[in-house]
Amino acid sequence: MNQTLTELIAEQGELSHLLNPANRQHQSRLTSMANHLLEQGLDLYQLKQLEQELILHQALAAKMAVKLAISKLYLRECRPDTVISVVFAMYKEHNRMLSPQEHPHGEAFIQRKFEQLQWLCQDNPNLRWRLILVDDGCPENSGGRALDQLDALPGFPPIEVVFLEEAIRERRGPAASLSSTGDSQKGGSIAYGLWHAAQYPHKGDHFVAYTDADLSTHLGQLGLLVENLHRHDNLIACGSRREPTSVVVKQGVRNHRGKLFIYLWKRMLPQLDSIVDTQCGFKMLRSSCIDELTRQMLEKRFAFDIELLLRMSLTQPQRIGKVAVGWIDSDALSTTTELSPYLSMLKSVVAIYRHYLPAHPVSDQFAALIDTMNEDQWERLVAALGPIFDGVEISRLCSTELMSAVQLAQKAGTAA
């Protein structure tokens with residue numbers, strides 16, 4: 001194993017610390033490294049042992065390659081007629097879907113996702129994949145432009161573009177609860193995309209995942225989610241960027257806001273005590289539970305993940321799993337970076353708490369704080385607590401009340 005580790009670290013070269021999800025050569029190098037591991041005949045136990053040994057190394061590409069190899073190897077065990085459907089939403093993605101040569105922030109994400117799924121599922125007769133792109137009422141016609149791009153892909157790829165506006169007009173599934181696409185900010189389109197995917201006729205297992213339009217999460221890792229559902233009999237597998245073997249490259253100052261966001265929502269929804277990274281855009285569900293979960297959802301915007309997980313936890317709390325995944329930040333064109341929707345998500349969490357759970361004195365105090373907070377006060381709170389929370393382990397943020405709602409109100413300037 002030591003020789004394999006040494007060879008793998010040497011093979012990654014300059015990709016030990018820099019990996020561009022939009023760079024086709026980088027992605028090709030990753031899959032070549034994963035293929036090399038598989039060709040050596042390593043089993044799942046050996047690959048997971050290698051994953052543990054890499055924790056202490058600066059070896060970005062090596063860590064990602066091991067995850068891809070584990071994912072692909074596990075899918076060799078899937079039953080006949082297994083289907084994996086992948087859903088993502090598009091809103092103002094017209095530039096990101098271009099190539100890097102066509103636009104400074106282009107990622108060619110349709111082509112790259114196609115290649116990732118092809119690599120993962122090729123030579124596996126038991127497995128089929130589908131990719132469903134949902135236009136979330138995009139004013140730049142991302143859906144129409146995506147349809148044009150499909151013509152350039154080889155063969156007849158199982159990729160479908162659907163439009164939330166049409167689903168609302170025809171009152172299909174969860175879209176029937178929307179009056180217009182303006183009601184949705186990702187959540188409405190993902191809920192509809194999941195429901196639409198689950199209608200696909202199948203004989204064997206059908207797993208439905210959702211991801212982001214960008215390339216932050218390599219779809220070659222889908223087998224990691226399938227493994228979690230299979231081995232633990234879970235109904236939802238949540239990709240997580242906060243586990244010991246997670247691989248994360250993150251830019252900007254979102255970590256300050258992210259930690260404060262986690263601290264606050266944890267005060268209201270203790271039922272999700274085992275889940276930390278609710279917002280990782282890489283989750284998978286068994287298709288059989290999707291209709292019930294997505295029916296009459298309250299949240300149509302960015303906090304939809306939290307409501308989805310809470311609804312599951314209230315009926316079958318032991319069937320939500322966490323999976324350590326690789327996530328390389330791809331946020332140049334994101335609409336949720338520096339002007340992130342954390343405060344609006346927290347206000348949605350308040351509504352979710354009040355809708356689903358009985359009143360609790362502490363939770364009510366935090367809910368009242370968030371209700372009265374505006375964006376300036378939120379940013380003041382982030383600035384005041386960012387340096388403090390950065391030094392606190394995430395487990396303590398989740399389980400310990402470090403500051404009361406009254407103390408936070410004073411720092412935010414909302415106290416009377």
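1. A cavity, on a 1 Å grid over the protein atoms alone, is a set of points where a 1.4 Å probe fits but cannot get out. With that in hand, a search of the whole structure turns up 1 cavity of 30 Å³ or more.

2. A word on the model: it is predicted, local features need pLDDT of at least 70, side-chain atom pairs count only at pLDDT 80 or more, and totals for chains, interfaces and linings use all residues. Residues are numbered from 1 along each chain as its sequence is written, and side-chain values use heavy atoms, with hydrogens and water left out.

3. The largest cavity holds about 80 Å³ of space, a volume being the space filled by probe spheres set on the grid points, which are joined across faces, edges and corners. Its lining residues (an atom within 4 Å of a point) include L19, N20, P21, L215 and I328. By class, the lining has 6 nonpolar, 6 polar and no charged residues. Here Ala, Val, Leu, Ile, Met, Phe, Trp, Tyr, Cys and Pro count as nonpolar, Asp, Glu, Lys and Arg as charged, and the others, Gly among them, as polar.

4. Where do α3 and α4 meet? L44, L47, K48, L50 and E51 in α3 touch V66, K67, A69, I70, L73 and Y74 in α4, contact meaning heavy atoms within 4.5 Å. This contact has 8 nonpolar, no polar and 3 charged residues.

Key:
On a 1 Å grid over the protein atoms alone, a cavity is a set of points where a 1.4 Å probe fits but cannot get out, and a pocket is an open set with protein on both sides within 12 Å along at least five of seven lines; lining residues have an atom within 4 Å of a point. Helices (H or I, at least four residues) and strands (E, at least two) are DSSP runs, numbered from the N terminus.
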